[in-house]
Number of protein chains: 2
Amino acid sequence: MPAEEKTPILVQLDEGGSTADRRARIGLQDPNASASEELQEKFLSPTLVDSVLNAEATETNLLTQCDEKFFTQTLDHFDVGAPTYQQRYFVCDKHFRPGGVMFFYVGNEADVELYLNHTGLMWENADEFGAMLVFAEHRYFGKSVPFGKDVTKHMQYLSTEQTLADYAVLITYLKKESKRDIPVIGFGGSYGGMLGSWLRMKYPHIIDGVIAASAPILSYFGDEVPHDLGGYSQVTTFDASPAAGSAENCVPNVRRAWPAMKALGETEDGRRTLKRALSLCEDTPLDEDIDALMGWARDSFDSMAMGNYPYPSSYIMNGVSKLPAYPMRVACSHLQDTFDGTEEGELELLHAFSKAIGVYYNSTKDKECYQLSAPSAEDAVDSNFWDYIYCAELYGPTTTDGVKDMFWSAPWNFTADNASCHAEWGIDARVAWPTIHYGGRRFLEVASNIVFSNGDYDPCSATGVLQNYSDSVVVVRIEGGAHHLDLMFSNPLDPEPLQAARATEKQHMWKWANEFYAVLETEKP
Amino acid sequence: MPAEEKTPILVQLDEGGSTADRRARIGLQDPNASASEELQEKFLSPTLVDSVLNAEATETNLLTQCDEKFFTQTLDHFDVGAPTYQQRYFVCDKHFRPGGVMFFYVGNEADVELYLNHTGLMWENADEFGAMLVFAEHRYFGKSVPFGKDVTKHMQYLSTEQTLADYAVLITYLKKESKRDIPVIGFGGSYGGMLGSWLRMKYPHIIDGVIAASAPILSYFGDEVPHDLGGYSQVTTFDASPAAGSAENCVPNVRRAWPAMKALGETEDGRRTLKRALSLCEDTPLDEDIDALMGWARDSFDSMAMGNYPYPSSYIMNGVSKLPAYPMRVACSHLQDTFDGTEEGELELLHAFSKAIGVYYNSTKDKECYQLSAPSAEDAVDSNFWDYIYCAELYGPTTTDGVKDMFWSAPWNFTADNASCHAEWGIDARVAWPTIHYGGRRFLEVASNIVFSNGDYDPCSATGVLQNYSDSVVVVRIEGGAHHLDLMFSNPLDPEPLQAARATEKQHMWKWANEFYAVLETEKP
């Protein structure tokens with residue numbers, strides 16, 4: 001991780017209303033509004049602010065440029081007798097030109113509209129590449145849920161292999177139906193980036209190249225080089241450090257909060273105090289074991305690290321609400337003071353801590369108190385089904401140690417993880433499978449046409465691909481980049497290295513497209 | 001296909017008894033024994049005959065050199081909650097040396113003992129490569145049948161994807177259990193060659209290279225270059241022609257037999273005559289529609305073409321009985337005369353035709369009459385489950401036209417094929433799937449480390465890979481070679497081009513092994 005310090009830039013944008021209205025509102029949603037305004041004054045010219053607002057505006061109306069469609073998919077591609085389901089996808093065709101390409105979003109664990117509205121890299125290059133845009137929804141998410149309300153009784157069809165086969169079948173159909181034998185370039189972020197890279201590895205005849213952004217495909221056991229299970233939390237901690245623009249005292253304060261919480265958790269009186277200090281709702285169950293509370297609080301830091309974008313974004317919030325620009329910096333701005341070791345000092349610390357995690361859990365600004373739940377219902381459903389995938393196939397645990405990270409000592413505990421998979425889904429966590437099936441590093445040695453991009457603000461980068469494997473399996477590092485920032489719309493607030501990263505990606509995209517047409521040329525009768 | 005004419009060499013070998021005993025019996029099993037003896041005298045020195053007999057003897061005791069083992073496999077690798085079954089495999093370890101390799105037979109649609117006893121290429125190179133030999137059984141075959149007698153109620157787990165995953169899991173386990181991080185070289189013939197090449201394409205991190213012998217992986221619809229559905233029968237016909245050493249009149253006589261059979265089939269009297277002429281059993285049902293009879297007869301020619309080896313072999317007979325050397329030539333030797341167009345002439349033709357197909361259907365010499373059934377019970381079971389795979393995934397129909405081949409006009413009829421899949425298994429024949437999943441030619445363009453070998457006597461070569469795709473996806477053609485002859489034990493009767501073919505294969509095998517160790521070296525800490 002680079003140690004270079006960054007100046008915090010706190011800017012808030014809102015959608016809706018006239019540009020003037022929205023400009024007037026800049027920064028007002030920020031719990032740290034005055035700091036924001038000040039910084040905005042300092043760094044943004046009115047022109048710049050306008051273009052930021054316009055970039056935001058572009059995001060919101062993209063559905064209208066696309067046709068929503070449904071495809072009858074086989075639920076079990078590996079069993080011919082299996083039932084079908086309706087897979088949703090969007091086709092956005094206005095930029096297509098003969099000799100063009102297909103840009104294919106490899107849907108991951110959310111309603112595909114989220115990806116459609118946020119994947120600026122596809123939209124912004126559509127015209128130059130004469131691209132038809134396709135956004136495919138991942139089975140069991142959004143409107144692509146089989147069995148309706150009974151879905152949880154039929155979870156066995158939710159697997160990465162079935163999902164990849166869905167995409168292979170869909171792309172084949174789309175090329176045939178449109179009579180376009182064109183190169184297909186895949187885009188995927190996070191789990192979608194994993195799926196994208198695996199789609200290229202397992203179906204190179206279907207997809208010609210993939211931009212796999214923030215894809216932690218090296219999170220699994222059994223690879224020839226063991227991965228660091230603590231890496232994820234270390235990057236989250238980096239986000240909360242001055243090197244990533246956060247307040248100097250943030251990491252030490254967060255580190256102090258956990259034992260303070262534990263101590264209060266030991267008595268009933270203490271737990272009452274703890275609830276008040278953290279703004280937990282009265283009826284939130286809390287006993288001596290405050291692990292769930294601590295895990296819930298930790299989640300907010302992980303999410304803010306992933307969503308540590310240089311401008312406000314609803315992406316990490318599933319499109320439901322927005323986090324402020326550099327949310328980790330905003331959260332940490334509440335933890336910039338020093339708090340003494342007195343009882344009062346500890347309570348102040350916890351109160352500040354509550355404000356910090358509130359940047360995430362109260363991004364909607366309408367919560368009076370917290371349950372220990374996901375920030376939105378959408379998020380809860382998606383993360384629920386993601387949990388199934390996690391147990392059933394992609395078991396990649398992370399650990400914390402409180403030394404290299406700002407959390408507490410929580411070593412790997414397979415027994416507990418497995419019990420949790422059993423409790424929730426009645427299944428075992430599979431440990432060896434991802435590396436057996438997807439191959440880890442050894443597959444990368446023979447793969448081709450994948451760009452793996454990772455930002456150093458993104459905790460997922462810890463188990464991402466960070467070295468080139470060949471001329472065509474290459475790495476793009478983005479200093480100051482959070483979770484697949486490169487996939488988002490361009491923004492004047494983008495960190496400088498992002499431009500070069502996107503240029504490299506485009507270079508590879510052109511190469512893949514040109515290679516496809518060159519081969520097609522040689523095959524002509 | 002090369003037009004060069006070959007001199008027929010008809011030699012029969014038997015197992016058991018002393019070498020002298022067996023030598024004395026040479027040729028006696030042949031319906032055309034005197035011709036055999038004559039040819040044997042002409043071409044084989046006593047030394048040569050001795051070494052042929054020894055080569056045959058080697059084949060029979062190989063099981064004793066191996067340990068039979070069972071591995072608990074997941075029945076559905078893509079559903080964590082699935083039940084398990086016991087997969088059988090053999091490990092033959094006496095040739096292994098540190099720094100050696102694993103030779104892995106990619107089991108196909110029969111009891112794996114068949115492949116263990118016939119895959120000479122693995123045995124003969126074991127010492128040179130310091131190889132541990134593993135023969136893995138294909139699920140649903142041999143002793144690897146899940147659900148015992150109820151297996152046919154659970155056919156949904158019989159798929160190529162599950163089978164490949166079995167092998168990936170098994171190899172991973174074997175390397176871990178033996179603590180040997182060694183290169184794995186796969187061997188597979190026919191459907192096993194298809195599985196082998198797909199294993200390399202889909203799991204290149206598991207298997208370092210594959211000898212894919214006689215693998216008709218281009219038999220499927222939807223590829224960029226459509227394949228010739230008639231190719232298979234054209235090669236069978238080539239085997240029956242003088243260019244492949246068969247009697248001059250064989251092809252015309254076979255071609256004449258079908259209308260003669262059809263004509264007799266039209267009346268009850270005629271059908272009685274037909275039964276007698278073809279030595280069908282009295283109780284064999286036969287009505288006006290003699291398609292089943294014709295199909296059954298045609299099967300024998302296809303099988304004899306595949307099994308058109310230069311020495312007697314039990315391979316095509318599932319190890320149960322032996323076909324004579326060059327069985328197609330033996331069959332055709334019964335059809336070398338000309339038969340006139342009189343009723344008597346036609347009957348003589350059919351009688352000769354019956355003798356010809358008897359080379360296949362009565363290889364055990366103990367049948368007094370024929371049912372329209374497979375030559376052995378073992379064969380019937382295996383081909384039954386192969387039929388399921390064929391319908392469920394690998395639907396690759398072949399056609400005949402009676403012009404470019406010696407059969408009759410039978411164009412592609414999907415409706416009939418699909419009805420048959422429904423009648424037998426209650427499932428649809430899948431048309432597009434193999435090319436979507438395995439990629440046809442386009443995958444070959446980016447694949448690596450596969451040698452595709454094909455003999456010009458082998459009907460499967462018609463849809464095999466016959467052009468190099470790169471330095472490491474290469475083709476080996478074997479003039480005078482039947483169905484994966486190169487995998488068999490060396491034999492003095494081998495056609496000359498086989499030696500060069502095997503040398504090329506060995507060259508690639510060394511390259512894969514050396515590459516593996518070179519990469520391992522660079523990865524050392």
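The legends below describe close-up views of a predicted model. Local features need pLDDT of at least 70 and side-chain atom pairs pLDDT 80 or more, while totals for chains, interfaces and linings use all residues. Residues are numbered from 1 along each chain as written, chains are lettered from A in the order written, and side-chain values use heavy atoms, without hydrogens and water.

**View 1. A negative surface patch on chain A.** A:E266, A:D287, A:E288, A:D289 and A:D291 form the patch (residues with over 30% relative accessible area and no salt bridge, like charges joined within 9 Å; a salt bridge is a Lys or Arg side-chain nitrogen within 4 Å of an Asp or Glu carboxyl oxygen). A:D291 belongs to helix α11, residues 291-306 (a DSSP run of H or I, at least four residues). With a relative accessible area of 44%, A:D291 is partly exposed (buried is under 20%, exposed over 50%, partly exposed in between, with a 1.4 Å probe and protein chains only).

**View 2. Two residues with positive phi.** Most residues other than glycine have a negative phi. A:K365, not a glycine, has a positive phi of about 60°. A:K365 lies in the loop between α13 (343-361) and α14 (377-392) and is partly exposed, at 41%. Phi of B:N318 is also positive, near 60°. B:N318 sits in the loop between α11 (291-306) and α12 (327-333) of chain B and is buried, at 14%.

**View 3. The axis relating the chains.** A rotation of 180° with 0.0 Å of shift superposes chain B on chain A, with RMSD 0.0 Å (least squares on C-alpha atoms of residues with pLDDT of at least 70 in both). This is the relation of a two-fold axis. In chain B, the residue closest to the rotation axis is B:K202, at 2.7 Å (C-alpha).

How values were computed. Patches are made of residues with over 30% relative accessible area and no salt bridge: like charges are joined within 9 Å, nonpolar side chains (Val, Leu, Ile, Met, Phe, Trp, Tyr) within 5 Å. Accessible areas come from the Shrake-Rupley method with a 1.4 Å probe; for residues, only the protein chains shown count as cover. Lys and Arg count as positive and Asp and Glu as negative; His and the chain ends are not counted. The place of a charge is taken as NZ of Lys, CZ of Arg, CG of Asp or CD of Glu.
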